[in-house]
Amino acid sequence: MKKKTIIAAILTMTLCLLPALNVTFERSVKAQAEIVVQIKGITLPLKTLPIIENGTTLVPLREITEALKAKVTYSESGKGVKIVKIIRNERCAELTIGSKSMKANGKSINLTIAPRTVNSVTMVPLRAITEALGTVVSWDGTKRIISINEPKELPAIGSADKLVELLEDFNANTYYEKGSLTGITNSTTSVEDTPSMEPSPPDDFSKTNIQVNGVDEADWAKTDGRYIYQISNSRVYITDITKPNSPKLSAMLEYTEKDDFMPVELYVDDNKLVVIGQNNTFSNISVYDSNTSAPAVREEAGSVSIEAEDSSKSVSQLDLSKNASIGILPPAYTKSTVKTYIYELGNIGSPKLTRQLEQEGSYLSSRKIDNSLYIVSNKFNYNYSIYDKLANRNTLSSSAKENKKHAAQQLKLNFEPVYSDSAITKKQLTLPLDQIRYFPEPRDSSLMLVGSIDLSEPKQQLNISAYLGAGEAIYASKRHLYVALSNYKAIGDTYEEETKFHKFRLDHGQVVYIGEGSVPGTLLNQFSMDEHDGYFRVALTKGNMWTTGAQGSTNNLYVLDESLATVGKLEGLAPGERIYSARFMGKRAYMVTFRNIDPLFAIDLNKPTAPSLLGQLKIPGYSDYLHPYDDNHLIGFGKDTAEVPTKGSNQGEATAFAQGLKMALFDVTDVNHPKEKFKEVIGDRGTHSELLDNHKALLFSKEKGLLALPVQLHEIKNKENGNEDNLTAYGEYTYQGAYVYKIDLGSGFKLRGRISHLTEEDMKKSGQYSFDYTKSVKRILYAGDTLYTLSEALLKANDIENLNERGSLTYPVLP
């Protein structure tokens, strides 16, 4: 009887569940059936429907590879595991059925979903496989179309004549460049000659405050838990911190004046130190004498020189007055080069230089993703008004035309960037015009160079890509690099400001150009950009906040799809103000605008095609930087403000004056009604922190309840509350150092203490607004139970709990 009752119950439950199971199955099949796969714009009629699992689309291998004209071979391991090898052109992918590990062009790649066999059909992750074979994949979420295409080929400049044509198009007025880059030698001073026998470094140590998890950013100082690596002027110090009570200088990299190299930022991982810096060389520029035979162009080891037929007269001695007809070139210029030094780290903290990289231009930024390093620089071309002369060459005499011909060739040689990689050759290499690309409608004579390399492949050559047009800000996800360039678009008789975005795929030490998109307005910084679930989201200000009407400012948010087409937008926020900070957090965005008060906007991005405003909070002050505390709270760092009635204006008008440094903890649990839960104001007008300009200056650990930042404190003495003069006056300098706080959702900010590197004697010597900047605390790090403050002059170790000083190290004085 009991068995019958149990069986009846099971049957009843099964019958009740069948409709729900059927609905789920039907929805799944329908969703998959709606997906369209297109190759070069042509729909691929798949016999086996795609499968979607955790955001990854699996497709039948045979049908996809046949459409891509790829060769597929199967084999089995000794354990009977099926291995698939796919070859297309010169690219190869190898995967194992049931395994999330794939080899693509010799590199190991982790897959989110393992390939599998379903009803005798091999199903593979579409994006991973096809991109490994050299294609570009994009997803149109609105139309539910997966597009597979070949990478876009930007046109190459190709020739000197085409270069002149492009430069004339936007009426550039720059200088010719000439010169060669010199090599660098740097000395490594090993302070400790014997291996350290100290305990292993703690696993608990601070990392650089970065924007995107998994995408490292270079900084002035870093730690691996055992050593601290930091820049000080022309040196890099490596300090052993295994004994916090007595930190020791383990090694010092010194770049001398002869080297003409200044380290800027660095990376550290388990066994490599990467130092990125700037080399500036003051060089003479060659000129042409129209009364002599045309000069011959000579290239030696990557450097360019000019040789006149009259060898007794050097180029720099030629009579400049005779060359007015062809446009005289200025006598000198500064040539900038980004140099990167890669060191192997030994057990005793003594680095060994193993590789030197070089790419022409001024350092813009860099990113490191696993072992792949990407460096972006801008080469500014100081080309003279010779372009106008070149445009009129048809009216010149034959001899002058010949000079013009050689002038164009010299322009070409000066324009082409140089680079080098010591792993390949000791010589400088030149990137020719036929390898320099230009974006549609270029508006800048400068070049943007992207250097990329896989640090785990010592024989892989530095890959250099060059594009006509300088980059202004970059954003990088783990898969893509976005470069922003400002532009003015002609609309009738007026111009509208817009920002263009160029997208590159980061392909394990290589870059692949994807395409471009544009939206109205100007960008603030990298935090105004974000990529999430294949969509690129940006926040910009359009117009001028100091004017009214159509030219006045508004603040807008745009959502672009994988091909950088705009699919969603939210416009018209805070008219008359501009964006001071923005932060994207998953399917929400937060934006701070300011003119007299600080509105914090909470924006819903759950539906990319229709972003919507959830709520706003208006408070005095503004935030220059927003940092996530958790999913429902964020911290704002900026300035407090006070409104002062504007003299001589209409009643009620006021001007906002920045006051002390402000920190605010915002509660966005109820996104329709954001709240300022806690706030802390430090000092008076003039108080500042590097954090407001550089997010890497922040130390924050939610788990430890720890927040620290460097502060330069300014205070108004004998201040009277309510005195209008106190609101507009700047305070006097009274302190510089680290402010260390305890932070939690119950009590907000609680100052635990301050740590300064300045002594009482230093303070006596300081002026009203300045001090010994070599002792300015720039970074705060922790390793284990010790907090470290760093300046160019010294390092201090303090107990992380009570902030009592444990030890210190004064760095060697620069000669």
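Residues are sorted here by type: Ala, Val, Leu, Ile, Met, Phe, Trp, Tyr, Cys and Pro count as nonpolar, Asp, Glu, Lys and Arg as charged, and the others, Gly among them, as polar. This is a predicted model, in which local features need pLDDT of at least 70, side-chain atom pairs count only at pLDDT 80 or more, and totals for chains, interfaces and linings use all residues. Residues are numbered from 1 along each chain as its sequence is written, and side-chain values use heavy atoms, with hydrogens and water left out.

**First stop: a pocket**

Select Asn525, Gln526, Phe527, Asp693 and His695, which lie nearest the centre of the second largest pocket among its 27 lining residues. The search uses a 1 Å grid over the protein atoms alone: a pocket is an open set of points with protein on both sides within 12 Å along at least five of seven lines, whereas a cavity is a set of points where a 1.4 Å probe fits but cannot get out, and lining residues have an atom within 4 Å of a point. The second largest pocket holds about 500 Å³ of space; grid points are joined across faces, edges and corners, and a volume is the space filled by probe spheres set on the points.

The elements giving two or more residues to this lining are strands S25 (362–369), S32 (473–476), S41 and S45 (622–630). Strands (E, at least two residues) and helices (H or I, at least four) are DSSP runs, numbered from the N terminus. Which strand gives the most to the lining? It is S25, with five residues. By type, the lining of the second largest pocket divides into twelve nonpolar, seven polar and eight charged residues.

**Second stop: Ser581**

Next, select Ser581 in strand S41 (residues 578–585). Ser581 has a relative accessible area of 2% and is therefore buried. Buried means under 20% relative accessible area, exposed over 50%, and partly exposed in between (1.4 Å probe, protein chains only). The side chain of Ser581 reaches the backbone oxygen of Ser623 at 2.7 Å. Beyond its neighbours within four places in sequence, Ser581 is in contact (heavy atoms within 4.5 Å) with residues including Leu524, Tyr590 and Ser623.

Now select residues 447–454, strand S30, where eight of eight residues are buried. One side carries Leu447, Leu449, Gly451 and Ile453, and the other carries Met448, Val450, Ser452 and Asp454. Two strands pair if DSSP finds at least two bridges between them. S30 runs antiparallel to strand S26 (residues 372–379), joined by eight bridges, and Ser372 stands opposite Asp454. Six bridges join S30 to strand S31 (residues 463–468), also antiparallel; there, Leu447 has Leu468 as its bridge partner.

Asp421 counts as buried, at 2% relative accessibility.

**Last stop: two loops**

Finally, select Asp370 in the loop between S25 and S26. Asp370 is not a glycine, but has a positive phi of about 55 degrees. Is Asp370 buried or exposed? Asp370 is exposed, because its relative accessible area is 58%.

Methods
Polar contact = N/O pair within 3.5 Å; in protein donor to acceptor, adjacent residues only side chain to side chain.
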